[in-house]
Amino acid sequence: MPEELSYLASYLGKDGFFKYYNRFGKLPCLLSNEIIRWKPDIVFISLFAFCYAPDAIEIVTALRKAGYHSKIILGGAGVSAYPAYFLRHSSADFAFAGEADCAIKNIIRKPKSTSGMWYFENEEITHNDPAPVKEFYPLIVPVRKSSGIQYYSGIFTRGCPMRCGFCSSRMHMPGFRKASLYSIKELFQKTDWANPSHLNIEDDAIVWDFEYLLEILNLYKISAGSNATFSLENGIDYRALDADRVKVLAKLGLSKLNISLVSIDPAVSKNYGRTGYPDKFSEVAEAAHLHGISVTGYLIAGLKGDTYDGVRKGLNFLSSLPVLIGISPFYPVPGIQNFEDLSFFNAIPPRLCAGTSCYPWHDISTEELVELFCEARKINLTRREKFRRYV
Ligand code: SF4
């Protein structure tokens, strides 16, 4: 266990909680030796979430120790939330905030004049303001093969038109954009579809433009075959769905739906700029179940204003529906609502900012968060076989 998470040690092995704390992937010293063998001009290190900052910084340190003296550029969602942190705590040359894939040519040629770039100048941290990104190209990648089905992940939009206070997407992907149907069609035609195929659609907000989603699905079926299935991942906004829409999606091959309740307490949701309609949530979950679609309902535990009893109420609500429960202990990211003061993050270990750290950021204690987490998992165990069609 990292020392900063030692308060979790007494919960390890508890029924329904984690048994171990594992680190996956190559150790920084081995990774840096491999990188150096390629003699790169620039090393880009991408960081998915701020809580993993120590791991990214460790790789920078290992690279320098192994004798790499060229440019290192850190980027990704974790860096975008607080770029200066990474310049202060590592020997990386640059920290990039925003969508690096859309600015890659500039970053390689003229990093110091790239919008969104942070770096040291005369021993002071300076940065270029981010510029709005207009283009976005859709993406499909094969992810795994299971039971003879080839799974792909697809991303067709970027950013999100919503502004949920607990979400950091607006910081690293400002502005909502949809890929053109022409570019999506081209991509579908170029993709080497296996038979049978399943597409995980990763865009949270795509259901808000239902016609656009239907166009994409029709193009998908033309290219991947009429038996191809798909899932809507990542906590889709159920408020844009209803029983009729679920029926249409079921006919087009929807086999798995992830929807996000956030909180059962309207006051808690409202505080974060979300409206909540439990009846609508039930309608969508029940309709999906009726059509043989497996549903996971997400719930956040530990938002500001949340109480232990309030979250239990949410669990009870989800338990009454044909869904698996995806419980996410709340975690802050620099810059989100109530955590706008970035200096706060100078004084705490970033690892506390992981959901699995069950840190008591607001009114629910670690013990209670662990309890709620275990309870959700126990409920799932009893219903997994009943409701889930595939894993
Ligand atoms: S709808 Fe999802 S992606 Fe969009 S702001 Fe809310 S939580 Fe973030």
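A crossing of two helices is right-handed if the near helix is turned clockwise from the far one by less than a right angle. Keep that in mind for the first stop. One caution before you start: this is a predicted model.

**Stop 1: H1 and H2**

Select residues 28-37, helix H1, and residues 53-65, helix H2. H1 passes H2 in a right-handed crossing. Their axes come within 8 Å and cross at roughly 55°. An angle between 35 and 65 degrees counts as oblique, so H1 is oblique to H2.

Now show the side chains where the two helices meet. From H1, pick Pro-28, Cys-29, Leu-31, Ser-32 and Ile-35. Their counterparts in H2 are Glu-58, Ile-59, Ala-62 and Leu-63. By class, this contact has seven nonpolar residues, one polar and one charged.

**Stop 2**

Move on to the strands. Select residues 94-96 for S3 and 117-121 for S4. The two pair in the antiparallel sense, over three bridges. Pick Ala-95 and look across to S4: the bridge partner is Trp-118.

S4 and S5 form a hairpin with two residues between the strands. Which residue of this hairpin takes a positive phi? Select Asn-122: its phi is near 50°.

**Stop 3: around the ligand**

Centre on the ligand. Select the residues around it: Cys-160, Met-162, Arg-163, Cys-164, Cys-167, Ser-169, Asp-204, Ala-205 and Asp-237. Colour this shell by class. Five of its residues are nonpolar, one is polar and three are charged.

**Stop 4: H7 and H8**

Select residues 181-190 for H7 and 210-224 for H8. The axes come within 9 Å and cross at roughly 20°. Angles under 35 degrees count as roughly parallel, so H7 is roughly parallel to H8. The crossing of H7 with H8 is right-handed.

Show the contact residues. H7 brings Leu-181, Ile-184, Lys-185, Phe-188 and Gln-189. H8 meets them with Glu-215, Ile-216, Leu-219, Tyr-220 and Ser-223. This contact divides into six nonpolar, two polar and two charged residues.

Notes:
Residues are numbered from 1 along each chain as its sequence is written. This is a predicted model: local features need pLDDT of at least 70, side-chain atom pairs count only at pLDDT 80 or more; totals for chains, interfaces and linings use all residues. A residue is near a molecule or strand if its C-beta atom, placed from the backbone, lies within 6 Å of it. Ala, Val, Leu, Ile, Met, Phe, Trp, Tyr, Cys and Pro count as nonpolar, Asp, Glu, Lys and Arg as charged, and the others, Gly among them, as polar. Axes are lines fitted to C-alpha atoms, for helices over the stretch in contact, and angles run from 0 to 180 degrees between N-to-C directions. Helices (H or I, at least four residues) and strands (E, at least two) are DSSP runs, numbered from the N terminus. Angles under 35 degrees count as roughly parallel, over 145 as roughly antiparallel, 65 to 115 as roughly perpendicular and the rest as oblique. Two residues are in contact if their C-beta atoms, placed from the backbone, lie within 7 Å. Two strands pair if DSSP finds at least two bridges between them.
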